[in-house]
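I begin each entry with what I looked up.

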Amino acid sequence: MEWKIGDIVIPNQVVVAPMAGVTNVAFRLICKEFGAGLVVCEMISDKGIQFRNKKTLGMLFVDPTEHPVSVQIFGGSKETLVEAAKFVAENTSTDIIDINMGCPVPKVTKTDAGAHWLLDPDKVYEMVKAVTSSIDKPVTVKMRTGWDEDHILAVENALAAQEGGAAALAMHGRTRKQLYSGHADWDLLHKVANSLTEIPFIGNGDVTTPEEAKKMLDEVGADAVMIGRAALGNPWIVKQTVNYLENGEIIAEPSPAEKITVAKEHLQRLVKVKGEKMGPREFRSQAACYLKGIPRSARTKAALNSAETETEMVEIFDNFLADTLARQAR
């Protein structure tokens with residue numbers, strides 16, 4: 001089902017979450033090809049943009065074929081975040097700019113960025129208002145339910161973002177303290193969905209199957225569903241979810257050959273973007289994910305984790321696939 005963020009049309013209700021070290025342009029393009037309605041770039045530091053860091057600026061690249069796309073920025077200062085938002089709006093072709101108010105990692109929160117904003121709805125409003133007033137592109141906010149179990153201001157923070165001019169809000173159903181442990185609080189997400197009367201709500205957390213995605217829409221009341229870690233090495237979940245939401249049918253799981261073919265495409269694209277040295281290194285964390293669920297893959301995962309070149313990784317994948325097919329033929 002088509003919906004909008006500001007004036008940007010999103011063709012379906014499946015959004016791929018921003019994930020540090022993961023949602024670079026190579027991964028985003030694969031998710032887009034698998035049917036994602038919206039892809040969100042990994043979070044980018046306002047300081048990195050302010051000081052024109054070469055690596056940071058490289059992360060801002062948007063491919064012409066990945067629209068609609070959103071670039072996520074984070075920071076602890078209103079002034080530097082506004083400066084970053086202006087730079088992204090003026091120097092990239094992104095459709096949407098997202099503010100990170102959910103990252104739980106200490107090195108981010110200790111700089112008053114990420115989930116640190118969740119402690120004060122007034123500051124959420126102030127930050128969002130400052131950014132939305134400074135640029136013409138739609139601004140969205142990604143946040144968590146709260147700082148910890150004693151500081152849960154999910155509804156208050158969501159309303160503050162809405163009042164500040166956010167064009168949509170995404171919320172992960174865990175607190176900063178939970179990180180990725182325990183369960184996402186869908187009851188609280190339901191309350192947030194009901195409280196937001198003017199902008200779309202994107203539900204996130206514990207969506208690992210197409211059926212759970214539909215529950216997020218039907219039971220939580222979200223306008224769209226955000227898939228994060230479940231898509232690591234598994235862009236098929238995007239395709240399966242889009243298909244299930246459209247016609248109620250579940251697409252079959254991919255074969256080992258299909259998984260390895262896409263893994264090699266992902267690697268090739270990452271090398272093209274990041275270079276022959278950094279590309280394979282950044283792909284290591286993803287490589288093992290593509291082999292999840294395939295029997296006898298432990299040694300191959302270990303080998304990929306120490307591989308240094310694209311050629312080496314491709315050879316490891318090919319040898320594993322040949323062994324897997326040979327076992328299946330017996």
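Which residue in β7 does Ile73 stand opposite? I found that Ile73 stands opposite Ile99 in β7.

Basis. I worked on a predicted model, where local features need pLDDT of at least 70, side-chain atom pairs count only at pLDDT 80 or more, and totals for chains, interfaces and linings use all residues. Residues are numbered from 1 along each chain as its sequence is written, and side-chain values use heavy atoms, with hydrogens and water left out.

Strand β6. I noted helices (H or I, at least four residues) and strands (E, at least two) as DSSP runs, numbered from the N terminus. In β6, residues 69–74, six of six residues are buried, meaning under 20% relative accessible area with a 1.4 Å probe, protein chains only. Val69, Val71 and Ile73 point one way, while Ser70, Gln72 and Phe74 point the other.

Partners. I counted two strands as paired if DSSP finds at least two bridges between them. β6 runs parallel to β7 (residues 96–101), joined by four bridges. Two bridges join β6 to β4 (residues 38–40), also in parallel; there Val40 has Ser70 as its bridge partner. β5 (residues 44–45) pairs with β6 in the parallel sense over two bridges, and Ile44 stands opposite Ile73.

Helices. I then looked up α9 (residues 210–220) and α10 (residues 236–247), whose axes, lines fitted to C-alpha atoms over the stretch in contact, come within 9 Å and cross at roughly 55°. The contact (heavy atoms within 4.5 Å) involves residues including Leu217 of α9 and Tyr244 of α10.

Note on methods: Buried means under 20% relative accessible area, exposed over 50%, partly exposed in between (1.4 Å probe, protein chains only). Axes are lines fitted to C-alpha atoms, for helices over the stretch in contact, and angles run from 0 to 180 degrees between N-to-C directions.
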